[in-house]
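Reader: Hi! Could you walk me through this structure in plain words?

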Amino acid sequence: MPDPSTPVAEAPSRANLVVGVLAFAGIVVSLMQTLVIPLIPALPGLLHASAADATWAITATLLAGAVATPTVGRLGDMYGKRRMLLLSLGALVAGSTIGALSDSLAPMVAGRALQGLAAGVIPLGISIMRDELPAERLGSATALMSASLGVGGALGLPAAALLAENADWHVLFWTSAGLGLVVVGLVVALVPESPVRTGGRFDVPGAAGLSIALISLLLAISKGADWGWGSPATLGLLAVAVVVLLLWGRWELRTAQPLVDLRTTARRQVLLTNIASAVFGFAMFAMSLVLPQLLQLPAATGYGLGKSMLVVGLVMAPSGLVMMALAPVSARISRTRGPKTTLMLGAVVVAAGYALGIGLMSTTWQLVVVSSTIGAGIGLAYGAMPALVMGAVPVSETAAANSLNTLMRSIGTSVSSATAGLVLARLTIDFGPVSLPSQNGFRLVLAMGSAAALIALAVAAFLPKRSPAATAPASPEPAAAVSR
């Protein structure tokens, strides 16, 4: 009888089905992130709310995802990753249904918060792959799963724009609910429950403390521009985040079964990978903030291209296809040269893509080249990150470690949004009665994206040298797993 703590050697066809279903789940969840982008200008009117209040439909998803990702990861390690995957997908379906039935702000915010609870699907999927797939399939599968975050976002934008322009906006949420139900059915039918469990008692104080700290931090970052960066609300939230994080860290180091094992997280390979992930999250989101605005600004500005949201989606879509295509390439480089090399190569490509964007922004095809180049670098880097994390943590902590890594990317994107928004709000031109971001403002944000990628390159350079074998699943401690 095989040892239940080792990955199950699936038949090739079965393994392909598991990988396909989990990657599809990741794409569907990332589609949810871009769902409301075509609606943003119209949200105040659609929800009968002020522009400031309508932004809660976006902020709620961010905050819920930040809370859910580390919590769901730890629960998956303890009680079953497939079980938590299904609960996360159930929240997505419920939130999408509420959104589809909404015509006012309160239910929409509630629905979007429920959708945000599905943010843990991608790290859970990576962790299931580690438990269920043979070692030779793991690298390419986890690279594909990581790429699904960008793939879904890039492909979802044109689809959402097309639906928003040609159908009632509620159709966007009904479509999301329908896709969620399809994924739930596929997971139930084809994805096995992992036998690797830690058991034990869930760290409720740790989960509460981390949630309070993350909500305070991300709320201050996302609303700082509206409230004022020096306002009592913003500074108070930042102070709460710092104090609670310090208290939380002390608790996690003292409790027997912490939500996040800080000693494992402090290992050089895990720590530096998480730092690089946060910086990469910053770099990735800068593209999403600049290119759509350049495409949609009036051509009369001299640098805007005057295109529709549908064209924006079509310009961004190739970057998602490039990410998917490079997933096996990322795995191959990691297998032969090590994931550190792959991460550094991805950082170089992303930095080059942003540098190209500083000079190539006058035509649509140039922006396709820029977004595809950046997408290529992200595809390489995101494929390497799970390999680096899983190469340094025991199997019993896989979901929690991957979830923390995903959370670090989310924090990076939040900081990117706030920073780029501040730059574009300060560097403006007068266009008739309104102020618009200037071309120099866009160039500065692109330069910041390139600089962030170079910082990630420098961080990755300090990662320990590992043999390619380090990307294979690590053996857990004997008591860390129990069979189902």
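Author: Happy to; here is a short chat about the whole chain and then some of its parts.

Author: Please keep in mind that this is a predicted model: local features need pLDDT of at least 70, side-chain atom pairs count only at pLDDT 80 or more, and totals for chains, interfaces and linings use all residues. Residues are numbered from 1 along each chain as its sequence is written, and side-chain values use heavy atoms, with hydrogens and water left out.

Reader: Got it. How many helices and strands does the protein chain have?

Author: The protein chain has 18 helices and two strands. Both are DSSP runs numbered from the N terminus: helices are H or I with at least four residues, strands are E with at least two.

Reader: What share of the residues counts as buried?

Author: Of the 484 residues, 56% count as buried. Buried means under 20% relative accessible area, exposed means over 50%, and partly exposed is in between (1.4 Å probe, protein chains only).

Reader: Okay, new topic: how many residues are in the largest nonpolar core?

Author: That core has 56 residues, and Phe280, Leu294 and Tyr354 are among those with the most contacts inside it. A nonpolar core is a set of buried Ala, Val, Leu, Ile, Met, Phe, Trp, Tyr and Cys residues joined through side-chain atoms within 4.5 Å.

Reader: Which elements give two or more residues to this core?

Author: They are H8, helix H13 (268-296), H14, helix H15 (339-359), helix H16 (364-390), helix H17 (398-426) and helix H18 (439-461). H13 gives the most, with 14 residues. Apart from this core lies another one of 52 residues, including Leu89 and Ala399.

Reader: What is Val350 in contact with?

Author: Leaving aside neighbours within four places in sequence, Val350 is in contact with Phe280, Ala283, Ile374, Gly377, Ile378 and Ala453. Contact means heavy atoms within 4.5 Å.

Reader: Let's switch to H8 and H9. At what angle do they pack?

Author: Helix H8 (residues 135-166) and helix H9 (residues 170-190) pack at about 135°, with their axes 8 Å apart. Axes are lines fitted to C-alpha atoms, for helices over the stretch in contact, and angles run from 0 to 180 degrees between N-to-C directions.

Reader: What do you call that orientation?

Author: H8 and H9 are therefore oblique to each other. Under 35 degrees is roughly parallel, over 145 roughly antiparallel, 65 to 115 roughly perpendicular, and the rest oblique.

Reader: Which residues meet there?

Author: Ala160, Leu163 and Ala164 in H8 meet Val171, Leu172 and Thr175 in H9.

Reader: Last one: is Ser319 buried or exposed?

Author: Ser319 is buried, because its relative accessible area is 2%. Its place is in helix H14 (residues 309-337), and Ser319 touches Ala154, Ser371, Ser372 and Gly375, not counting residues up to four places away in sequence.

Reader: What about Ala451, then: buried or partly exposed?

Author: Ala451, in helix H18, counts as partly exposed because its relative accessibility is 36%.
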